[in-house]
Amino acid sequence: MVGSVLPGRPGNLTADQEVKLQELWTASLRVFGVQAPNQPEDASGLPSASGTATPEPKATKKKQSMFRKQKDEDESKAAADQDDKYGLSKAFQQVLATQNPENLRKAFWSMVKHDHPDGLLLRFLRARKWDVHNALVMLIATMNWRMQEVHVDDDIMKKGEAQAMQDTSNSNATVKKEAQDFLAQLKFGKSFLHGTDKEGRPMCFVRVRLHRQGEQSETSLERYTVYTIETARLLLASHVDTAAIVFDMTGFSMANMDYGPVKFMIKCFEANYPESLGVVLVHKSPWIFHSIWNIIKGWLDPVVAKKVHFTKNIEELEQFIEKSHIIKELGGDDPWEYSYVEPNVDENQTMSDEITTNRLLEERAKVVKEYESATQAWISDFQNRKALQEKRNDLAERLRAGYWQLDPYVRARSLYDRTGMIRGSEGGVIQYYGKPAAPNAPKPLIASPHNGLLPTEHRADDVD
């Protein structure tokens, strides 16, 4: 049901899931150097979520269970090694050995953005089937990927489209080519974000026919992929925390097939953006794609593979998307068409305002500290846990609202900001349908973080 809180999310956790979340917070804060005073450690070497040491097994059982315990640990390690196809454990160990805890802490809170902090950690727990250690490994490896490998926040999102536009005139041939390749994909709309499916999930459309192997460099393809995924993250909210991808296979030929970008996209979703995909629709794939799909399916985690559905016509597509939300290009009733709007010369002026940027960062840092302290109390104080959770939720809302105030000072404007779909000045309202409102216009009567004002051609019950 649209709008209801799904299981395993903030506000809908079982008692066991809440304990797992507390354990992951305890482990994460310890890695970040935010360990609570006099907090004991359990047998695993991590502070226990309850704040008390895990009791030792009785002496009469210790000898009897020793070999069984070793067997279980060996089997668990072997299973983890087999599942670790992206080398997350190795990355985790390297990060702990080389990175300052405070840098990791800053990287984590930078990654949170407008998300509920619990919601972010729960993604990793769900992805790792509630195994706290494996979730921690994945979380820290993802932070390292964002911070050291691809530089999501300090490069890709900070420089954005405007810097790429400037770099098309750069005297360095490599820089110029990468910028041209990046912008080319935006200009002809290889992929774009628009609308919601029946579950209220934001949709990303990919026109596969517009990709040809070798036309853009591998670096620009990967940059464009991360840029699109990270921009799509801004469209998510606590009650709708996954997206839908529609691969439009109309006109597909073998010239459009390129395994490299496909592998990179799979890695992004499986290793770095866990539990972000709600559904993948492969629309109008020709028969020649069937053998290709068998290869791709072998690379996918079985959980991800189950989210992939093939649709042959508009009627099958309507099983997932209301016809009023299917764009005309695919045979639906939504008249919207993709058109790229180039960056304005001065659209990122706020990013040069260091005084305001630092003030907003300091304000956010204070709320972060409050949230960390409240989390430690929530973990250790069972008697007041409910009140402390309410306090944490209030602080999470302050972080969300504060992010949208900070956003124009740390993230370059995107196409979706320029066209009025992302409305950071209105607290992160996302308006998919209808024309952008005038700057001084009254707020729409029918609004939500995911829809904004619906035009007359959309039904009132489309509001999620």
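**Why these labels?**

Author: Let's start with Phe192: its relative accessibility is 1%, and buried means under 20% relative accessible area, exposed over 50%, partly exposed in between (1.4 Å probe, protein chains only), so Phe192 counts as buried. This is a predicted model, where local features need pLDDT of at least 70, side-chain atom pairs count only at pLDDT 80 or more, and totals for chains, interfaces and linings use all residues. Residues are numbered from 1 along each chain as its sequence is written, and side-chain values use heavy atoms, leaving out hydrogens and water.

Reader: What makes Phe205 buried or exposed?

Author: Its relative accessible area is 3%, so Phe205 is buried.

Reader: How do you know whether the rings of Phe192 and Phe205 are stacked?

Author: Rings of Phe, Tyr and Trp (its six-membered ring) pair if their centres lie within 6.5 Å; planes under 30 degrees apart count as stacked, over 60 as edge-to-face and the rest as tilted. Here the centres are 5.4 Å apart and the planes sit at 25 degrees, so the Phe192 and Phe205 pair is stacked.

Reader: Why is Asp258 said to have no salt bridge?

Author: A salt bridge needs a side-chain nitrogen of Lys or Arg within 4 Å of a carboxyl oxygen of Asp or Glu. For Asp258, the nearest side chain of opposite charge, Lys190, is 7.5 Å away. Lys and Arg count as positive, Asp and Glu as negative, while His and the chain ends are not counted.

Reader: What makes helix α6 largely enclosed?

Author: Of its 18 residues, 14 are buried, so the rest of the structure largely encloses α6. Helices (H or I, at least four residues) and strands (E, at least two) are DSSP runs, numbered from the N terminus.
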